[in-house]
Amino acid sequence: MSVLSDPESRQLISGPAGELEVRVTEPRPGPLADQSLLAVICHPHPLHGGTMDNKVVTTLMRSYRDLGVKVISFNFRGVGLSQGSFDQGRGELEDLLAVVRWGRENFAPEQLLLAGFSFGSAMAAQASHELSGLAHLLLLAPPVAFTGWLAAW
């Protein structure tokens with residue numbers, strides 16, 4: 001389901017708790033455009049208004065896009081059109097891993113870039129321990145008191 005212009009599309013993919021809403025943003029010509037890169041960006045806490053349309057998430061998306069990187073941002077379960085309900089970080093980690101799998105299957109990047117803001121950075125940090133081929137990890141405002149994030153370290 002594409003509801004935006006060609007350089008950016010929203011669609012629903014299969015996730016562990018139902019469908020997940022993803023936005024795929026095509027790269028612009030930039031210094032990294034000759035590389036096969038895919039960035040996945042995670043949004044802030046779902047119970048505190050976090051969505052893939054958060055201004056920090058969209059700023060990250062535009063930054064990667066302008067560098068020449070294809071970008072996937074997505075809504076965790078229970079946010080926007082994503083099905084399911086908040087699962088204290090456990091299910092959200094599964095959501096992130098499902099999005100990365102889908103991105104790798106559909107776009108076959110040579111390298112994965114992972115970023116998150118606040119709660120999303122906690123999910124990215126945890127996922128970094130489970131993902132092979134991770135070339136870049138960007139954690140913005142990580143919630144150091146989030147026990148799931150601390151347990152990953």
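## Salt bridges

The count of salt bridges comes to 9 in this structure, which is a predicted model. One of them joins the side chains of arginine 10 and glutamate 21, with an N to O distance of 3.4 Å. This pair links distant parts of the chain, since arginine 10 lies in strand E1 (residues 8-15) and glutamate 21 in strand E2 (residues 18-25), 11 residues apart. Arginine 10 counts as buried at 16% relative accessibility, and glutamate 21 counts as buried at 7%.

A further salt bridge is formed by the side chains of glutamate 26 and lysine 70, at 2.7 Å from N to O. Here too distant parts of the chain are linked: glutamate 26 belongs to the loop between E2 and strand E3 (37-42), lysine 70 belongs to strand E4, and the two are 44 residues apart. Glutamate 26 is partly exposed, with a relative accessible area of 30%, whereas lysine 70 is buried, with a value of 15%.

Aspartate 66 and arginine 65 also form a salt bridge, their closest N and O atoms being 2.8 Å apart. Aspartate 66 is partly exposed at 35% relative accessible area, while arginine 65 is buried at 12%. Through shared partners, salt bridges join Arg10, Glu21, Arg23 and Asp53 into one network.

## Sheet architecture

The strands include an open sheet of 6 members in the order E1-E2-E4-E3-E5-E6, with mixed pairing. E1 and strand E6 (134-140) stand at the edges; each has a single partner strand, so one side of each is left without a neighbour in the sheet. On average, and with direction ignored, neighbouring strands of this sheet are turned by 20° against each other.

Strands of a sheet pair through backbone hydrogen bonds, in either a parallel or an antiparallel manner. E1 and E2 pair in the antiparallel sense, over 8 bridges. Within this pairing, arginine 10 has arginine 23 in E2 as its bridge partner. Both arginine 10 and arginine 23 also belong to the salt-bridge network that includes Glu21 and Asp53.

## Helices on the sheet

Helix H2 packs on the sheet and touches E1, E2, E3, E4, strand E5 (111-117) and E6; the direction of H2 makes about 150° with that of E4. Helix H3 likewise packs on the sheet, where it touches E3, E5 and E6, and its direction makes about 145° with that of E5.

Of the 10 residues of H3, 10 are buried, so the helix is largely enclosed by the rest of the structure. The buried residues of H3 include Phe119, Met123 and Gln126.

Arginine 104 is placed in helix H2 and is partly exposed, with a relative accessible area of 28%. Arginine 104 and leucine 38 are 66 residues apart in sequence, and their C-alpha atoms are 8.2 Å apart in space. Leaving aside residues up to four places away in sequence, arginine 104 touches Leu38, Pro109, Leu112, Leu131, Ser132, Gly133 and Leu134.

## Aromatic pairs

The count of aromatic pairs comes to 4. In one of them, the rings of phenylalanine 74 and phenylalanine 76 have centres 4.9 Å apart and planes at 75°; planes over 60 degrees apart count as edge-to-face, so this pair is edge-to-face. Phenylalanine 74 is buried, with a relative accessible area of 0%, and phenylalanine 76 counts as buried at 0%.

The rings of phenylalanine 86 and phenylalanine 119 have their centres 6.0 Å apart and their planes at 55°, so this pair is tilted. The pair links distant parts of the chain, with phenylalanine 86 in the loop between strand E4 (70-74) and helix H2 (90-107), and phenylalanine 119 in helix H3 (residues 119-128), 33 residues apart. Phenylalanine 86 is buried at 18% relative accessible area, and phenylalanine 119 is buried at 2%. Ring pairs link Phe74, Phe76, Phe86 and Phe119 into a cluster.

## Confidence of the model

The protein chain has a mean pLDDT of 92, and 91% of its residues reach 70 or more. Over residues 1-5 the pLDDT stays under 50, and the model has 8 contacts beyond four places in sequence for this stretch. The pLDDT is also below 50 over residues 149-153, a stretch with 13 contacts in the model beyond near neighbours in sequence.

Terms used:
Residues are numbered from 1 along each chain as its sequence is written. This is a predicted model: local features need pLDDT of at least 70, side-chain atom pairs count only at pLDDT 80 or more; totals for chains, interfaces and linings use all residues. Side-chain values use heavy atoms; hydrogens and water are left out. Rings of Phe, Tyr and Trp (its six-membered ring) pair if their centres lie within 6.5 Å; planes under 30 degrees apart count as stacked, over 60 as edge-to-face and the rest as tilted. Buried means under 20% relative accessible area, exposed over 50%, partly exposed in between (1.4 Å probe, protein chains only). Helices (H or I, at least four residues) and strands (E, at least two) are DSSP runs, numbered from the N terminus. A salt bridge is a side-chain nitrogen of Lys or Arg within 4 Å of a carboxyl oxygen of Asp or Glu. pLDDT is the predictor's confidence in each residue, from 0 to 100. Contact means heavy atoms within 4.5 Å. Two strands pair if DSSP finds at least two bridges between them. Axes are lines fitted to C-alpha atoms, for helices over the stretch in contact, and angles run from 0 to 180 degrees between N-to-C directions.
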